[in-house]
Amino acid sequence: SDDSYYYLQVAKNLAATGTSTFDGVTRTSGYHPLFAILLAALHALLHPAPDAYVRLMLGLNVALHALAGMVLYRAGCRLRDRLTGALAAIFYLANPHAALWTLSGMEAALSGFALSLFFLALLTPLRDLPRIAFAGTAAALAVLARTDNLAVVLLATPVILFAHEGPFGRRLAAALTVAMSAIAALGLWTLYIHAAMGTWIQGSARIKILIREYKVSGMGFLEAMAFTFDVFQKFVVKSFVKTPALKYVLLVALIAGRALFRAPMRRAWFPAYLAMLPLALAGAYALKLTRTATWYYVPPVLALTLLAAMLARRLLDLDSPRSRAVAAALALLIAAEGLGYFAVKTARGRNVYQRDMLELAEWMHDHLPPDSTVGAWDSGIYSFYSGLRVINLDGLMNNDIAELMEANRPLWPAWRARGVDSVANYELWYAGNPGQYWQYWKDKDIRYIAGSTRWLRNIPETWDGARRIVLREPGAQYSTSPKALYEIQWGQD
């Protein structure tokens, strides 16, 4: 993912200067803190070359993914027995969607590991201070891994209050410890953001909420409600789709005719929490976002994976011959989906846009002056591989731009202050109509625009008789949209 290079660039700057910046000049809080700290520590210790740094990040994610599977095994053992634990680990590690977010280079694998620790803590009898402290620590790590996980932690407090045994006062103290640990972790990150950036909200969240406000601002009430419901239902459906084990356990249960949901009330609190988690998160995201990326699905997939392991274990209580048939059917269905998923991804072409952006970053390195300052909306790969200063223009990794966008003020002061002299874009709707930037481009004598021909095709061949745009490198016709590199030749025809 291009976004993973945001982490690498920020972490490299953190290790070198101790400053939270993407481009070396503007402030940023557009990331989740724990993953950035781990990457910064790796860079400070090893000083890797760029490609080696990427491999280190992927290796870290694979290790965290494997550790999450091991912790889920322990959680499954606590739920019932070793077979339940083995099912939970296998269902998670064999999930192609989990493999994909692990290899995306984002914080998802770390979030999955931290949340698996938290789920394990929920299944641990909180009889003494060390176990309560473990639950609080797991909650804090989950929030620092991904701040959205605060909702996952707070929704778990009824599980601690009603699913655990012991005096109510001890259960209440445990629930409050978990909740306050998570809130304190978020509070520390928020205080850092305020001290360093002067704002109280994480930069990436700020922009995503702003995009949502722009999106619904022109809608009527019913249209806005329909849009919100669409985001909600897509998240719920995708959470289910991205958990292959649960789909096939329910299918086999339907065929086998087994009643899977019989349990005493106290023991049913944890499964109810797991089942309700995707709905609760969908409601929160639907009110704040326009869409959800792959790494948003870590909490519901983990929850539904544990639920699938519990239900599958009940299916395997059948008599021996039928039990073997059920196990074989589940294994075949899950393996078929995993292989089919990656086969389709491979056939469609993996990492098409990343390869396009890498080629452009290398072109920028070879052709632009070394003191160039490039403005870009998707700016991770450009910055990491071009060796040039690349200023993020969508606000995700640039708090200065974010403040102007939030205030609905012109972006030119920030562009001018940072000396942007080239522009790169990879077809994002919020990049806007290029016409709004013409005057700035002319004033700054910007010579190169690189990006999607679909985005640039609205630029006429002449504008006020002041310049021409020449197609320099047509590029390949990719499945997403054709890419091109243009040179602006200023002056009268």
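Biologist: Is arginine 291 buried or exposed?

Modeller: Arginine 291 is exposed, with a relative accessible area of 62%, where exposed means over 50%, buried means under 20% and partly exposed lies in between, with a 1.4 Å probe and protein chains only. Please keep in mind that this is a predicted model, in which local features need pLDDT of at least 70 and side-chain atom pairs count only at pLDDT 80 or more, while totals for chains, interfaces and linings use all residues. Residues are numbered from 1 along each chain as its sequence is written, and side-chain values use heavy atoms, with hydrogens and water left out.

Biologist: Where is the place of arginine 291?

Modeller: Arginine 291 sits in the loop between α14 (265-288) and α15; helices here are DSSP runs of H or I with at least four residues, strands are runs of E with at least two, and both are numbered from the N terminus. Arginine 291 and aspartate 230 are 61 residues apart in sequence, yet 9.5 Å apart in space from C-alpha to C-alpha.

Biologist: Which residue forms a salt bridge with aspartate 230?

Modeller: That is lysine 234, whose closest N and O atoms with aspartate 230 are 3.2 Å apart; a salt bridge is a side-chain nitrogen of Lys or Arg within 4 Å of a carboxyl oxygen of Asp or Glu. Lysine 234 and aspartate 230 are separated by about one helical turn, because they are four residues apart in helix α12 (residues 221-241). An α-helix has 3.6 residues a turn, so residues three or four places apart point the same way. Lysine 234 is partly exposed at 41% relative accessibility, and aspartate 230 is partly exposed at 28%.

Biologist: How many salt bridges are there in the whole structure?

Modeller: The search finds six salt bridges. One of them joins the side chains of arginine 146 and aspartate 148 at 3.5 Å, N to O; here arginine 146 counts as buried at 5% relative accessibility, whereas aspartate 148 is partly exposed at 21%.

Biologist: Which residues are linked in a network of salt bridges?

Modeller: Arg80, Asp81 and Arg313 are linked in such a network. Within it, the side chains of aspartate 81 and arginine 80 meet at 3.9 Å, N to O, with aspartate 81 partly exposed at a relative accessible area of 22% and arginine 80 partly exposed at 41%.

Biologist: Let's change topic. Which residues touch the most other members of the largest nonpolar core?

Modeller: They are Phe91, Phe118, Phe119, Tyr273 and Tyr382, in a core of 126 residues. A nonpolar core is a set of buried Ala, Val, Leu, Ile, Met, Phe, Trp, Tyr and Cys residues joined through side-chain atoms within 4.5 Å. The largest share of this core, 13 residues, comes from helix α15 (residues 298-315). Apart from this core lies another of six residues, including Met219, Phe227, Val231 and Ala286.

Biologist: What is phenylalanine 118 in contact with?

Modeller: Leaving aside neighbours within four places in sequence, phenylalanine 118 is in contact (heavy atoms within 4.5 Å) with Ala135, Ala138, Ala139, Val152, Val153, Ala156, Val178 and Tyr273.

Biologist: What about phi of histidine 47?

Modeller: Phi of histidine 47 is near 50°, a positive value in a residue other than glycine. Most residues other than glycine have a negative phi. Histidine 47 is in the loop between α2 (33-46) and α3 (50-79), and is exposed, with a relative accessible area of 60%.

Biologist: Finally, how many helices and strands are in the chain?

Modeller: The chain has 22 helices and six strands, and 52% of its 493 residues count as buried.
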